[in-house]
Amino acid sequence: MTKKWWEDVKHMQGPHWYVMHSPAWVISMMILIAAVFTPMGALILSASSNVDEVRVRYDGQSNPQCTYERRRSLANIVPKNASDINRTDPTPDEIPDSCKTSVTFQLEKELTPPVFLYYELTDFNENFRSVVRSRSDSQLQGSDVECICEEEPACPPYVHPARNDVDNYVVTVENGQRIHLSDFIYTPCGQLAYIMFNDSFVLNKVESLATSVVCNATDFDEYGNPLGRTPFNPCEKKGIAWDGDRTVKYVKPKTDLRTVSHLPRQTTAITGTGIVWNPKVYIDNGFYWGEYGHRIPNQEDLDFIVWGKAASVPTFKKLHRKITRTLPAGTYRLDVEERYDISKFGEKRIVLATRTWMGADNFVMGVAYCTVGSMSLVAAVVLTIVHNMNPAGGYTTQAFASLNEDYVDPK
């Protein structure tokens, strides 16, 4: 019976060639990989061991957790008139927008500059789908006033100030035009801006006779320029965000009369009905509607740009400031204005860290390099032993010919 041509195709016996590396070549490559990866892993581990990190938890340490209930208990109720003298329910402007906390800690060894100041949150899923997609890239890039989210349901209710049907207000803006509250637009809009981290820090070195400021993190504007309130403030805000983000992804917003942003404005009047206390104060001061003191972030703020890069794990740290002086061993005090309440599910810390030629601590990468190098070395040794025990590899010309009747010995 004549063999058909498709039989060769069906049995994969058509014209072909095999990549058959010699044992010496394979063993040499394994040794080369081991020679490169193992020392590289050792260098990375050595560099990581030279990175110093100090973590200090500050929430609920020297004072109770900074919850809304605690801030309400700290309210300074000032009677407005004679009939108001026995009032016990504070108005929003009488409730402080932060809790002041101080934590003292010891630095066991000297940290050489630059020392990076991070804030760290635990059990906080910033990469939650509804948060990551609750942002308008066209608005952040300055090309659109409107809030256009990747997923339309993700951005509400943080698109317009009016968040319920009972807020039926009409605002008279600067040029006399009347605009309904539901037509105003937050800039930036969405949940990512709404939940921005907003605690503030001042780090001090405690001496026997005096206390010196190491880093007043509040003494900078949104763009990282020093405000000059602290005469000697050896830390920086510039450089904490990527240049590509700062110049392309987060730029000056496009605005019109409907824009509600961090910038204060002077609306003429607000008329209508609703349940919000003193509604004019929120739009005029750049606060979120009904949340006195909760300021809308500036989308060009370097701190907001850093916050905008969503972390992929629930426990993460983000760069806040860079300290440019040496931190000697000794006692330090961290003064905090707490506004960010995660007491129901997580913890808050600051992290002081140095860097090496490899950057930050990268223990996992060092272990990975050493593991690959070690496995390659073991494989090279095993292949060498097997090859020496059976140089032909178990496949002779006669054995291969017996598997293929059509095989013709080239000799």
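A: Two strands count as paired if DSSP finds at least two bridges between them. The model examined here is predicted. In it, Ser 200 stands opposite Glu 337 of strand E13. This contact belongs to the pairing of strand E7 (residues 200-206) with E13, which is antiparallel and comprises 7 bridges. Strand E13 (residues 330-338) also pairs with strand E2 (residues 99-107), again in the antiparallel sense, through 9 bridges. Within that pairing, Gln 106 of E2 has Thr 331 in E13 as its bridge partner.

The aromatic contacts can be taken next. The model holds 20 aromatic pairs. One of them is formed by Phe 105 and Tyr 332, whose ring centres are 6.0 Å apart and whose planes meet at 20 degrees; the pair is therefore classed as stacked, since planes under 30 degrees apart count as such. Phe 105 lies in strand E2 and Tyr 332 in strand E13, so that the pair links distant parts of the chain, 227 residues apart. Phe 105 and Tyr 332 are both buried.

Ring pairs also join a cluster made up of Tyr 58, Tyr 119, Phe 124, Phe 197, Phe 201, Trp 307, Phe 316, Tyr 340 and Phe 345.

Lys 309 lies over the face of Trp 242, 4.0 Å from the ring centre. Lys 317 places its charged end over the ring of Tyr 118, at 5.3 Å from the centre.

How values were computed:
Residues numbered from 1 in each chain as written. Predicted model: local features only at pLDDT ≥ 70, side-chain atom pairs only at ≥ 80, totals over all residues. Heavy atoms only, no water. Helix = DSSP H or I, 4+ residues; strand = E, 2+ residues; numbered from the N terminus. Phe/Tyr/Trp six-rings, centres within 6.5 Å; stacked < 30°, edge-to-face > 60°. Buried < 20%, exposed > 50% of the residue type's maximum accessible area, 1.4 Å probe, protein only. Lys NZ or Arg CZ within 6 Å of the ring centre and 35° of its normal.
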